[in-house]
Amino acid sequence: SNANLTNAASPMPTSPMPTSPMPTSPMPTSPMPTSPMANLTNANLTDANLTNANLTDANLTNANLTKANLTNTTLVGVNFTNVGLSGRDFSNANLTNGNLTNADLTNANLTNANLTNANLTNANLTNANLTNANLTNANLTKANLTNANLTNAN
């Protein structure tokens with residue numbers, strides 16, 4: 001049989017498109033240098049410029065941070081177990097709840113660093129500058145503080 005499909009499908013009714021623009025959200029003005037919770041175990045970050053980076057909860061166990069710049073870095077909950085951080089600049093860094101067990105912080109600059117609740121068990125802080133550092137509830141069990149500058153640290 002021959003079916004007659006003429007006018008079988010009626011056109012869809014049309015409605016005018018809205019004339020007002022869709023709301024838009026502003027784009028962030030500064031990109032996040034590093035994603036939170038990064039797994040950087042054994043990473044080679046030699047000469048890395050991590051200034052202002054957010055490394056919240058990052059795992060940097062056994063990472064190589066030779067000559068890395070960590071000024072103003074957010075390192076809340078970071079894991080620096082067994083990391084050589086000798087001479088690194090952590091001035092104004094936030095290391096709250098950080099794990100720095102066995103970390104080598106010889107000659108490190110921790111001026112104005114926030115080390116609240118940080119675990120510094122067995123850390124080597126020989127000649128480290130901890131001027132104005134916040135050490136509230138930090139665990140310094142067996143830490144080596146030989147010649148460390150603790151001026152105005154709490």
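I take a residue as buried when its relative accessible area is under 20%. The model I examined is predicted.

**Confidence.** I looked up the pLDDT first. The protein averages 84, and 77% of the residues score at least 70. Over residues 1-13 I found that pLDDT stays under 50, and the model gives this stretch zero contacts beyond four places in sequence. Residues 22-35 also have a pLDDT below 50, with seven contacts beyond near neighbours in sequence. Where pLDDT is low, the predicted coordinates should not be read in detail, so I left the details of such stretches aside.

**Overall.** I searched for secondary structure and noted zero helices and zero strands. Of the 154 residues, 37% count as buried. I recorded an accessible surface of about 9200 Å², with 49% of it belonging to carbon and sulfur atoms. Among contacts with a separation of 6 or more, residues 24 or more positions apart account for 0%.

**Aromatic pair.** I found one aromatic pair in the structure. Phe-80 and Phe-90 form it edge-to-face, at 6.0 Å centre to centre and with 75° between the planes.

**Core.** Which residues touch the most other members of the largest nonpolar core? Of its 39 residues, I listed Phe-80, Leu-85, Phe-90, Leu-95, Leu-100 and Leu-105. I then followed Leu-105: not counting residues up to four places away in sequence, Leu-105 touches several residues, including Leu-85, Phe-90, Leu-100, Leu-120 and Leu-125. Ser-86, Asn-124 and Thr-126 are also among the residues that Leu-105 touches.

Technical notes:
Residues numbered from 1 in each chain as written. Predicted model: local features only at pLDDT ≥ 70, side-chain atom pairs only at ≥ 80, totals over all residues. Heavy atoms only, no water. Phe/Tyr/Trp six-rings, centres within 6.5 Å; stacked < 30°, edge-to-face > 60°. Core = buried A, V, L, I, M, F, W, Y, C linked by side-chain atoms within 4.5 Å. Buried < 20%, exposed > 50% of the residue type's maximum accessible area, 1.4 Å probe, protein only. Contact = heavy atoms within 4.5 Å. pLDDT = per-residue confidence, 0-100. Helix = DSSP H or I, 4+ residues; strand = E, 2+ residues; numbered from the N terminus. Areas by Shrake-Rupley, 256 points an atom, 1.4 Å probe, with all protein chains shown as cover.
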